Amino acid sequence: MSACAPSSSSRLRADLSASISVFLIALPLSLGIALATGAPLQAGLVAAAVGGIVAGALGGAPLLVSGPTAGLTVITAEIIQQYGWRATCAITALAGLTQLALSALRVARSALMVSPAIVHGMVAGIGVTIALSQLHIVLGGDPESSAIENARQLPSQLAGPHLAAIAVGSLTIAVLLVWPRLPGRAGATVRRAAPAALAAVVLATFVPWAAGMDVPRVDLPSWSSHALPEMPEGPVLGLITAVLTITLVGSTESLLSAVATDKLAAARQRAGGARVPKADLDRELRGQGAANMVSGLLGGLPVTGVAVRSSANVAAGAVSRKSTILHGVWVLVSTGVLVGMLQLIPLAALAALVMVLGIQMVNITHIRSVTKHREILVYAATATAVTLLGVLEGVGIGIAVAVAVALHRLAHTRVTHERLPDGGHQVRVRGQLTFLAVPRLSRVLSQVPDGADVTVELDGTFMDHAAYETLHDWQAAHAAQGGRVEVTGSTGEPIGDPEHRCRPWQPWRNHHCTGAAPAVRGRPRPEHDQLLSGVRNFQRTTAPRMREELARLAAEGQRPSQLFLTCADSRLVTSMITSSGPGDLFTVRNVGNLVPPPGTTESSDHSVGAAIEYAVTVLRVSSITVCGHSGCGAMQALHTAGEGDRGEDPAMSSLQRWLRHGRPSLERLHRRSGPVPRIDGRPAADELETLCLANVVQQLDHLALHQCVAERLADGTLDLRGMYFDVGAAQAYVLSRPVDGTDPVFTAVRPDAAGEEAEREEILTV
């Protein structure tokens, strides 16, 4: 074990703490899901305990928490209504046996090929169905057998509500909404101590009890009368369908949850957390099968892996499967120790909890994702069909719509022709090129004049033989007429000859896309201008894509959030190292990334001060970054000249006068007039690199002397940031300035922080 690896005792403490957090979430949800399915309430506790202990011990995803889930609520409720509870237990056990058989065939990864739009639409439809059914219990009534009936009976239920049940349900919903938003440090402490679900159920239990309100409460029969499975009776085809439905839906949800948990654990590891082995999906399917067999035989609900509880497990610091197993043990202990307390919980509180869970299953992030990928029709069709017809029918309709959308995209390819300002022509193909698109492609290509320069841009991933022959024959014929044809992808990169491909940030002198045009028969070879060739390439490939965004910026004006002050060195490409685009940065570049302090009299100094004042007072940027770099020529000149020649000299060149503003950086280095920065994790390459680092810190000190900057710093609306870019290593460093007087440290920027929260939101809900 490495010196920095956590000890076994610290790992056990982390798992123990995480298991308690997950138990506090799982306990009320297990009861609520059992209530929503119409099963005995203790069946939810059985499934939670078995899921934690059996699936936790045998599964392939160490941090995946298994138990009863809202995703199977509608399916389980339908099976209970059709076959009865004891037969449902047997069907659950048979589904577990089927999962074991599938795991032996090693087909677990096949579940991941289902379209996310179908999966998210199914989950959303189930969520709507759950919310409608549980709303009746919150209003003091009983749910109907289908979403349509629940919606139809809602007006009559609203006409005669049970006020006590409504009060309890409203209190539960209010706590669920307010609890995650408790402000301040005290709010964070309270949220860590008690999850929102537990807090909502506890408060919704205590208030009616203290007020003596008459509301229906949890009824846990004696374990001696607990119902065990019996062989189901009915049509064999219907029983097989029920078994396969639980198998397929439960397996898909579990495996997608395992993948989501893997992503969360990997993100935590990149941030410095403990390493967790990646999920073995076939083993996980085997563990889920064993858990469902045991749960069914013991009279429990179907078990699946649950992404929300698993995310709580990761966030609570779990490092091994012990946390999942212990959470199951705590559920098992609570079934004997906490029965009296559990029977005080109002049914309306559990119904409100599950109703909110159902509403959250209609996930806004998922809707945005499927909209972005143009699959909203598949999502909407699946969700609507699941709500109105049922899960199997809804998924079938979703698959049919997805196939129809794919065929539509394959058959409907858009081909357009545009004349460019430089006299060239551009043909754009949007979509897949198949034989169905050949007539449109031929018609548009015929509009290009003979001998013209033309770019054919293909924005698709597939071209069949008929389309290839059409394009290739036209290209050869057009070139024979003296024309020049370039076929590119959607990024503007030429397709075909590898020697004529233009890769991003390839050294400019090697860029064939901006190189001299080849001689065309019957025409003189054009005189080459590297810069103008690059501009022409921009007009041909980039301008058409950026025109709409630039038009918006032109109309709205610039609103950058950052002032970026860096060196004029040609190797420092600002947009590349910051991944920024038009309108993102207000950039100031000069020799040496210098910031003259206020009060200088040279007229050449005022441009930097004016830019700072404009950015801070007019644009109201929120941060200013000073970025230095390795091998800076200005710092090399300062280092070579030393500290001599401090007086005025009319014969000094403009460059020499300008570099005088860098002398404080040299003094900081040589006389230790201030803390000298260093790079974390490695020594400075040489004294020049130390000077480059010191210069960044010194220019930040100069920035703070400007009155407009000082005022914004005082009221807390402006941040100053130092950066250093090692050109040879392509590595950026960010300055951390200690307050205890020690040397400032530049820390390497790692490629893991950006977008983690968005990724977390994207993968949490299955």
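Strands β11 and β12 run antiparallel and are joined by 4 bridges.

The structure before you is a predicted model, in which local features need a pLDDT of at least 70 and side-chain atom pairs count only at pLDDT 80 or more, while totals for chains, interfaces and linings use all residues. Residues are numbered from 1 along each chain as its sequence is written, and side-chain values use heavy atoms, with hydrogens and water left out.

Let me turn to the chain as a whole. Its secondary structure comprises 29 helices and 13 strands; these are DSSP runs, numbered from the N terminus, with helices being H or I of at least four residues and strands being E of at least two. The chain has 766 residues, and 48% of them count as buried. Buried here means under 20% relative accessible area, exposed means over 50%, and partly exposed lies in between, with a 1.4 Å probe and protein chains only. The chain exposes about 36,700 Å², of which carbon and sulfur atoms supply 60%; these areas come from the Shrake-Rupley method with a 1.4 Å probe. Among contacts with a separation of 6 or more, 74% join residues 24 or more positions apart, a contact being heavy atoms within 4.5 Å.

I now return to the sheet of the opening pair. Which strands make up this open sheet of 7, and in what order? The order is β8-β7-β9-β11-β12-β13-β10, and the pairing is mixed; two strands pair if DSSP finds at least two bridges between them. At the edges stand β8 (585–590) and β10 (678–679), each with a single partner strand, so one side of each has no neighbour in the sheet. Helix α23 (residues 606–618) packs on this sheet, where it touches β7 (562–567), β8 and β9, and its direction makes about 170° with that of β8. Such angles run from 0 to 180 degrees between N-to-C directions, with axes fitted as lines to C-alpha atoms, for helices over the stretch in contact.

Within the sheet, β9 (residues 623–629) and β11 (residues 719–726) run parallel and are joined by 7 bridges. One example is Ile 624, whose bridge partner in β11 is Leu 720. In the opening pair, Asp 726 stands opposite Gln 731 in β12. The hairpin of β11 and β12 has 4 residues between the strands, and Ala 730 takes a positive phi near 50° there. Strand β12 is also joined to β13 by 4 bridges, and these two run antiparallel; Val 734 stands opposite Thr 747 in β13. Helix α27 (residues 687–705) lies across β9, β10, β11, β12 (731–736) and β13 (745–748), and runs at about 160° to β11.

The next subject is an open sheet of 4 strands, in the order β3-β4-β5-β6 and with mixed pairing. Why is one side of β3 (414–419) and of β6 (484–488) left without a neighbour in the sheet? Both stand at the edges, each with a single partner strand, so one side of each has no neighbour. On average, neighbouring strands of this sheet are turned by 15° against each other, direction ignored. Strands β4 (residues 425–430) and β5 (residues 453–459) pair in the parallel sense over 6 bridges. Val 427 has Val 456 as its bridge partner in β5, and Arg 428 has Glu 457. Strand β5 is mostly covered, with 5 of its 7 residues buried. Helix α19 (residues 438–445) lies across β3 and β4, running at about 5° to β3.

In the loop between β5 and α20 (465–480) we find Gly 460. Is Gly 460 buried or partly exposed? Its relative accessible area is 39%, so Gly 460 is partly exposed. Leaving aside neighbours within four places in sequence, Gly 460 is in contact with Gly 431 and Gln 432. Gln 432 is 28 residues away along the chain, yet the C-alpha atoms of Gly 460 and Gln 432 are separated by 5.0 Å.

Finally, I consider the helices. The buried residues of α7 include Ala 164, Val 168, Thr 172 and Val 175. Seen down the axis of α7, the buried residues fall within an arc of 135°, so they line one face of the helix; the arc is that of the directions from the helix axis to the C-beta atoms. These buried residues pack against α5 (116–138), α9 (196–211) and α15 (347–360).

Helix α5 contains His 120, which counts as buried at 14% relative accessibility. Beyond its neighbours within four places in sequence, His 120 is in contact with His 366, Val 370 and Tyr 379.
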